Amino acid sequence: MEAPSVEAEHDKIGESVGIYGVAWNGDDSSYADFLDRHGLTFPNLDDTAGEVFRRYGVPSQPEWVFVDR
């Protein structure tokens, strides 16, 4: 499970680097349950339409994408 390690990095670096989770599958209830179950505090986006995944060429989850200015 990748989410707890992402949360640990977020806790370590704080807001100096933007960390965002992007959910591709599911509904609002399943997203909320996942966030609560894993205690995630970093922002998470609903990408049911797949726009973020297409923009960055992400074929599946889990995946890391690093974006700079």
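Predicted model: local features only at pLDDT ≥ 70, side-chain atom pairs only at ≥ 80, totals over all residues.

## The nonpolar core and Ala3

Which residues make up the largest nonpolar core? The set consists of Ala3, Val6, Ile19, Leu40 and Phe42, 5 residues in total. In general terms, nonpolar side chains tend to be buried together in soluble globular proteins.

Once its neighbours within four places in sequence are set aside, Ala3 is in contact with Phe34, Leu40 and Phe42, and two of these partners, Leu40 and Phe42, are also listed as members of the core.

Glu7 is found in helix 1, which spans residues 3-13. Although Glu7 is buried, it takes part in no salt bridge, and the nearest side chain of opposite charge, that of Lys12, is 13 Å away. Apart from residues up to four places away in sequence, Glu7 touches Gly39, Leu40, Thr41 and Phe42; of these, Leu40 and Phe42 belong to the largest nonpolar core.

Asp47 occupies the loop between strand 2 (44-46) and helix 3. Asp47 is likewise buried and without a salt bridge, its nearest side chain of opposite charge being that of Arg54 at 6.5 Å. With residues up to four places away in sequence left out, the contacts of Asp47 are Val22, Ala23, Trp24, Val52 and Phe53.

## Salt bridges within helices

How many salt bridges does a search of the whole structure find? The search returns 2. One of them joins Lys12 to Glu9, with the closest N and O atoms 3.0 Å apart. Because Lys12 and Glu9 are 3 residues apart in helix 1, about one helical turn separates them. Lys12 counts as exposed, since its relative accessibility is 63%, whereas Glu9, with a relative accessible area of 31%, is partly exposed.

The other pair is Asp33 and Arg37, whose side chains meet in a salt bridge with an N to O distance of 3.2 Å. These two residues are 4 residues apart in helix 2 (residues 28-38), so they too are separated by about one helical turn. Asp33 has a relative accessibility of 42% and therefore counts as partly exposed, while Arg37, with a relative accessible area of 53%, is exposed.

Leaving aside neighbours within four places in sequence, Tyr31 is in contact with Ala23, Trp24, Asn25, Gly26, Asp46 and Thr48. Tyr31 and Ala3 are 28 residues apart in sequence, and their C-alpha atoms are 12 Å apart in space.

Ala8, found in helix 1, has a relative accessibility of 38% and therefore counts as partly exposed.

## A nonpolar surface patch

On the surface, Val52, Tyr56, Val65 and Val67 form a nonpolar patch, whose accessible area together is about 320 Å². Val52 lies in helix 3 (residues 51-55) and counts as partly exposed, because its relative accessibility is 30%.

Val67, by contrast in location, lies in the segment after helix 3, and its relative accessibility of 57% is why it counts as exposed. Val67 and Asn25 are 42 residues apart in sequence and 22 Å apart in space, as taken from C-alpha to C-alpha.

## A cis peptide bond

Where is the cis peptide bond? It runs from Gln61 to Pro62, with omega near -5°, and Pro62 has its place in the segment after helix 3.

Conventions:
Residues numbered from 1 in each chain as written. Heavy atoms only, no water. Core = buried A, V, L, I, M, F, W, Y, C linked by side-chain atoms within 4.5 Å. Buried < 20%, exposed > 50% of the residue type's maximum accessible area, 1.4 Å probe, protein only. Contact = heavy atoms within 4.5 Å. Patch = residues over 30% accessible without salt bridge, like charges linked within 9 Å, V, L, I, M, F, W, Y side chains within 5 Å. Areas by Shrake-Rupley, 256 points an atom, 1.4 Å probe, with all protein chains shown as cover. Salt bridge = Lys/Arg side-chain N within 4 Å of Asp/Glu carboxyl O. Lys, Arg positive; Asp, Glu negative; His and termini not counted.
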